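Please take a moment to look over the structure shown here before reading on.

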Amino acid sequence: MSASLLTRSALAGAAALLAGCVGVAPDGGFSAVADSARARTGAEPRLVRSAADERAVHDSVTALLAGPLGQDEAVRIALLNHPGLQASYWEAGIAQADLAQAARLQNPGFGFKRTSGGGLLEIERTLTVNLVQVLTLPLAQRLESARFDAAKLQVGAAIERHAFETRRAWVEAVAARQGLDYARRVNAAAEAGAALTGRMARSGNASALDRDREQLFHAEAAAGVMRAEQALSASRERLTRLLGLWGEQIDFTLPERLPDLPAAPLELDETERLALERRIDVQAARRQAASTAASLGLTRSTRFVNVLELGLERKSETGEPRARGYALSLELPLFDWGGARVARAEAVYMQALQRVAETAVNARSEARERYLAYRHAWDLARHYRDAVLPLRKKISGEVLLRYNGMLASPFELLLDAREQASAVNAAIEAQKEFWIEDAALQLALGGPAPTQQKEHAP
């Protein structure tokens with residue numbers, strides 16, 4: 001092959017490859033991540049790339065904080081405003097840039113040599129192109145494409161996890177506020193009971209033991225208020241961190257109580273199928289195995305060729321006609337035949353297959369576990385709502401009637417108040433656990449259950 005023909009062939013091949021180069025999207029491929037997150041979490045994240053984006057996010061957050069902060073609004077704020085999530089969003093852009101780089105040929109090398117002496121001037125020019133990279137460019141591009149897909153899945157997983165943590169923190173904060181309100185009511189009742197018993201003791205209608213018992217209950221009720229205040233403060237701060245708020249924004253208000261239980265729990269017969277179809281960790285494990293398989297093919301194709309460069313040479317000397325040619329550099333496989341690299345790639349691939357199996361087993365088990373926990377939490381919360389609290393209310397009414405009819409002592413009335421406080425606190429805790437399990441079930445299934453959007457509207 002002549003040098004001119006070889007030059008034209010190399011340039012034509014390079015032009016064809018360059019024509020198919022992958023570009024870099026302005027959003028770094030984040031739009032696909034945002035669409036998936038909206039379907040899985042009900043909220044759409046936004047990539048902040050400019051001062052205008054920052055102002056738009058700030059305005060959106062301010063509007064969402066204008067009233068009592070609902071659970072869905074909290075998730076929307078977290079996905080827009082949390083700086084840690086914003087940092088993870090750029091992982092997709094980094095992976096896309098790597099993909100675009102992998103689709104480009106390496107720059108050719110140019111060498112220039114000039115020597116003179118004895119009245120002679122010799123000039124030598126070389127142009128080298130890495131042929132191995134040219135030959136393996138399509139496969140390398142596929143590998144980087146797989147890594148780009150994996151990066152998008154990782155960002156999506158971070159969004160889902162953060163959305164779950166935000167939902168849980170919101171439930172805990174609202175439950176803490178609800179518990180604090182009730183603790184204050186119990187403390188006020190205990191204070192009134194202690195004052196009443198003190199007056200009765202002074203008039204000789206109650207013993208010192210009865211007075212001390214009521215004062216102890218009042219002291220414990222006051223301690224309960226302190227614990228409830230600390231729990232509310234800690235849960236609000238945890239929610240504030242997840243929302244990425246600071247400054248005046250931390251003074252947001254929360255609803256007074258948790259949402260009511262749904263009329264009926266979810267009835268899911270295909271939890272395992274939903275988890276395997278929709279969970280991001282399962283998808284990521286599958287794609288990792290596929291990427292490893294492609295990497296194995298690349299290793300086999302290059303096991304004997306570690307360095308292969310093609311160079312075009314042009315040489316001229318004073319008084320002599322110019323000489324043209326080409327040079328080929330090839331590493332000879334005398335000591336390293338590439339068998340160790342292939343064996344390692346095969347071992348990594350088999351390891352990836354077992355990781356897929358492990359992820360699938362764990363996903364099935366977690367889906368079953370979370371659904372059972374969800375059902376048990378709903379049953380327990382319903383039991384308190386439909387059985388325990390109505391009976392406590394009925395008993396309290398009967399005790400009050402007996403007290404008004406002078407058939408019960410004030411101490412029986414105070415004792416009933418203590419027992420009622422215990423039942424109400426347990427009911428609040430059961431309701432809190434249900435909504436936490438509801439969020440955990442969504443995470444385990446890779447998104448809301450098919451009928452969850454309608455039945456679980458707060």
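Two residues are said to be in contact when heavy atoms of theirs lie within 4.5 Å of each other. The model is a predicted one, and a place to begin reading it is helix 3, whose buried residues pack against helix 4, residues 71–81.

Helix 3 runs over residues 51–64, and its 14 residues reach 20 Å from the first C-alpha to the last, close to the 20 Å expected at 1.5 Å a residue. Which residues of helix 3 are buried? They are Asp53, Val57, Val61 and Leu64, and, seen down the axis of helix 3, these buried residues fall within an arc of 70 degrees, so they line one face of the helix. An α-helix has 3.6 residues a turn, so residues three or four places apart point the same way. On the other side of helix 3, Arg55, Asp59 and Ala63 are exposed.

Among contacts between residues at least 6 apart in sequence, 78% join residues at least 24 apart.

The accessible surface of the chain comes to about 25100 Å², and 56% of that surface belongs to carbon and sulfur atoms. On this surface, Phe110, Phe112 and Leu127 make a nonpolar patch of about 330 Å². Leu127 is found in strand 2, which covers residues 120–130, and Leu127 has a relative accessible area of 33%, so it counts as partly exposed, a term used for values between 20% and 50%.

Notes
Residues numbered from 1 in each chain as written. Predicted model: local features only at pLDDT ≥ 70, side-chain atom pairs only at ≥ 80, totals over all residues. Heavy atoms only, no water. Helix = DSSP H or I, 4+ residues; strand = E, 2+ residues; numbered from the N terminus. Expected span 1.5 Å × (residues − 1). Buried < 20%, exposed > 50% of the residue type's maximum accessible area, 1.4 Å probe, protein only. Arc of directions from axis to C-beta. Areas by Shrake-Rupley, 256 points an atom, 1.4 Å probe, with all protein chains shown as cover. Patch = residues over 30% accessible without salt bridge, like charges linked within 9 Å, V, L, I, M, F, W, Y side chains within 5 Å. Salt bridge = Lys/Arg side-chain N within 4 Å of Asp/Glu carboxyl O.
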